[in-house]
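Thanks for passing this one along. Here are my notes, as numbered points to read beside the model.

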Amino acid sequence: MGNTGSERANQFVVAIDGPAGAGKSTVAKLAASRLGFSYLDTGAMYRAVTYKALQQHLSFSDKSALASCAANSKIEFEDTVNCSAPRVKLDSHDVTDAIRDPEVSRNVSEVASEPEVRSCMTSLQREIGSRGRWVVDGRDIGTVVFPEAQVKIFLTASIEERAKRRFDELVSKGYSPVLEELISEIAKRDGIDSNRKTAPLKQAENSYYLDTTSLTIDQVVDKIYGIVTVKKGQP
Ligand code: CDP
């Protein structure tokens, strides 16, 4: 069923794309809450499929197995009272923490480069974002998923800074990462994401480029809030 006129008038998408570890999910979540918008973490969806493929010991070179894994994955986001972001459910199980495991991070780009996996996720993302006001973060949101998004932002930072942020995040979760390994993992992931044939990571046309290397989270959220507020005020 198509959207009604009033649903369309109320629909607003802020698309945030950028390379691994640029802080997209942190700032997208905060910007959404300040704007009163919902938040959609598309990376979580690719992570959920990767988690399931790992659990099922699928070979990442088996394209049809990955495609049917994606097609048969029930991915849902569930709002909970005490959490800043929705919980991620895969086939009715909460996988919010499991999909952040370094093993998933190491393999997700390979799974996400599979066109049939992407087509499945893109449809689901469009369905979720078709009603209401959303901040959506990922790699291809402003270029492929929501090319008509009212606001598009390309968020980046130096690779050293991105690896340092990921290092701090993993330490806070009890892991013992090695900074040099994170730098090469992130560089590898950026390479796969930017060079894949389907929906590669690139800056969307008419997007704002935000280099966050020397900005605090609050400063980035302020900038995004300002950009969206100005845009919302325009006819
Ligand atoms: O949080 P982090 O920057 O590590 O990445 P993420 O947003 O959780 O995304 C994990 C991976 O999913 C990316 O490295 C991409 O390979 C893939 N992804 C994608 O291909 N397209 C999206 N819209 C979102 C994520």
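Why is the sulfur of Cys 69 too far from the closest cysteine sulfur for a bond?

1. Cysteines. The closest cysteine sulfur to that of Cys 69 belongs to Cys 120, and because the gap is 9.6 Å, a bond is out of reach. A disulfide here is a pair of cysteine sulfur atoms within 2.5 Å, and the count by that rule is 0. (Buried is under 20% relative accessible area, exposed is over 50%, and partly exposed is in between, using a 1.4 Å probe and protein chains only.)

2. Ground rules. This is a predicted model, where local features need pLDDT of at least 70, side-chain atom pairs count only at pLDDT 80 or more, and totals for chains, interfaces and linings use all residues. Residues are numbered from 1 along each chain as its sequence is written, and side-chain values use heavy atoms, with hydrogens and water left out.

3. A nonpolar core means buried Ala, Val, Leu, Ile, Met, Phe, Trp, Tyr and Cys residues joined through side-chain atoms within 4.5 Å. The largest one has 29 residues, and the members touching the most others are Val 49, Ile 75, Val 117, Met 121, Val 136 and Phe 146. Elements that each supply at least two residues include strand E1 (12-17), helix H3 (42-55), helix H6 (115-129) and strand E6 (133-138). H3 gives the most, with 6 residues. (Helices, H or I of at least four residues, and strands, E of at least two, are DSSP runs numbered from the N terminus.)

4. Beyond its neighbours within four places in sequence, Phe 146 is in contact (heavy atoms within 4.5 Å) with residues including Val 13, Gln 125, Val 136 and Lys 152. There is also a second, separate core of 21 residues, with Ala 31, Phe 37, Ile 153 and Leu 155 among them.
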